[in-house]
Amino acid sequence: MASYDLKDLKSRMQKSIASLKDELGGLRTGRASASLLEPVTVDAYGSRMPLNQVATVTVPEPRMLSVQVWDRSMANAVEKAIRDSGLGLNPMSEGQVIRVPLPELNEQRRKELAKVAHSYAEQARVAVRHIRRDGMDALKKAEKDGDMSQDDAKKQSELVQKATDDAVSEIDGIVAQKEQEIMQV
């Protein structure tokens, strides 16, 4: 019974869910979020650096990001990096502070973002099912090798299935909440 561990399976499922939350955090909703600028890199001091290593990002208003650049000479590079990031943002520089207004999301863009959220959720569900399969395979092997009785294997497989169902329903809840955020006008 060395390779089967329900706690390990549950922890792997939770890691899949955490990964989904990270991916969804980067998706734009109607309101501003500092995590929106996390993927932006800036040409600074001769190399590419993440934005959060040259500036502080805050959210002063629901549709506005404020980027406080630490070194005044980096302001133009930061503004250019945000403009060229592909996020569809148009930053305005005011000395060391760069204001980034977030445009209104139209209906078509909201639907596209909802589809992306659903594809992330499906990837997480697939990952959870792979973990379930690993657990079931380990149980079958333990039963076959005589390390576990048939009754114990059946009970454990029901526990694995319950953990899988719980993880999938948690994923469904997370993506439904994110979709509601995206579609909110």
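Author: Gladly! In this predicted model, H1 and H4 are roughly parallel to each other. The residues that H1 brings to this contact include Leu6, Leu9, Met13 and Ile17, and H4 brings, among others, Leu159, Val160, Ala163 and Ile174.

Reader: At roughly what angle do the axes of H1 and H4 cross?

Author: The axes of H1 and H4, the latter being residues 150-183, come within 10 Å. An angle under 35 degrees counts as roughly parallel, and H1 and H4 are therefore placed in that class. Their crossing angle is roughly 10°.

Reader: How many nonpolar, polar and charged residues does the contact of H1 with H4 have?

Author: Leu20 and Leu24 of H1 take part, along with Lys10 and Lys21. From H4 come Ala167, Ile171 and Val175, as well as Glu170 and Lys178. Sorted by class, the contact of H1 with H4 has 13 nonpolar, 3 polar and 4 charged residues.

Reader: Are H1 and H3 roughly parallel or roughly antiparallel?

Author: The axes of H1 and H3 come within 10 Å and cross at roughly 170°. Angles over 145 degrees count as roughly antiparallel. H1 is therefore, relative to H3, roughly antiparallel.

Reader: And how do the residues of the contact of H1 with H3 divide by class?

Author: On the H1 side, Leu9, Arg12, Met13, Ser16, Leu20, Glu23 and Leu24 take part. They meet residues of H3 including Ala117, Tyr120, Ala124, Val128 and Ile131. The contact of H1 with H3 divides into 11 nonpolar, 3 polar and 4 charged.

Reader: Is serine 16 buried or exposed?

Author: Serine 16 lies in helix H1, residues 6-25. Beyond its neighbours within four places in sequence, serine 16 is in contact with Ala124, Ala127, Val128 and Ile131. Its relative accessible area is 13%, and buried means under 20%. Serine 16 is therefore buried.

Reader: How are H3 and H4 oriented, and how do the residues of their contact divide by class?

Author: The axes of H3 and H4 come within 10 Å and cross at roughly 170°. That makes H3 roughly antiparallel to H4. The residues of the contact of H3 with H4 divide into 16 nonpolar, 6 polar and 8 charged.

Reader: Which helices are included in what covers the buried residues of H4?

Author: The buried residues in H4 include Ala153, Ser157, Val168, Ile171 and Ile182. Lys178 is also one of the buried residues in H4. What covers the buried residues of H4 includes H1 and H3.

Reader: How far apart are the end C-alpha atoms of H4?

Author: H4 has 34 residues, and at 1.5 Å a residue they should span 50 Å.

Reader: What does H3 reach from its first C-alpha to its last?

Author: Helix H3 covers residues 107-144 and has 38 residues. At 1.5 Å a residue, 56 Å is expected, and H3 comes close to that value. After H3 comes glycine 146, with a positive phi near 85°. From first C-alpha to last, H3 reaches 55 Å.

Reader: What distance separates the centres of domain 1 and domain 2?

Author: The domain assignment gives domain 1 as 6-27 + 106-184 and domain 2 as 34-101. Taken over C-alpha atoms, their centres are separated by 35 Å.

Reader: What is the C-alpha separation of glutamate 61 and isoleucine 131?

Author: Glutamate 61 has its place in strand S3, residues 55-61. With a relative accessible area of 45%, glutamate 61 is partly exposed. Glutamate 61 and isoleucine 131 are 70 residues apart along the chain, and their C-alpha atoms are separated by 42 Å.

Reader: Is serine 66 buried or exposed?

Author: Serine 66 sits in strand S4, residues 64-69. Its contacts, leaving aside neighbours within four places in sequence, include Thr56, Val57, Pro60 and Ile98. With a relative accessible area of 10%, serine 66 is buried.

Reader: What is phi of tyrosine 45?

Author: Tyrosine 45 lies in the loop between S1 and strand S2 (47-50), and at 58% relative accessibility tyrosine 45 counts as exposed. Most residues other than glycine have a negative phi. Tyrosine 45 instead has a positive phi, near 50°.

Terms used
Residues are numbered from 1 along each chain as its sequence is written. This is a predicted model: local features need pLDDT of at least 70, side-chain atom pairs count only at pLDDT 80 or more; totals for chains, interfaces and linings use all residues. Side-chain values use heavy atoms; hydrogens and water are left out. Domain bounds come from an automatic or database domain assignment. Helices (H or I, at least four residues) and strands (E, at least two) are DSSP runs, numbered from the N terminus. The expected span of a helix is 1.5 Å times one less than its number of residues. Buried means under 20% relative accessible area, exposed over 50%, partly exposed in between (1.4 Å probe, protein chains only). Contact means heavy atoms within 4.5 Å. Axes are lines fitted to C-alpha atoms, for helices over the stretch in contact, and angles run from 0 to 180 degrees between N-to-C directions. Angles under 35 degrees count as roughly parallel, over 145 as roughly antiparallel, 65 to 115 as roughly perpendicular and the rest as oblique. Ala, Val, Leu, Ile, Met, Phe, Trp, Tyr, Cys and Pro count as nonpolar, Asp, Glu, Lys and Arg as charged, and the others, Gly among them, as polar.
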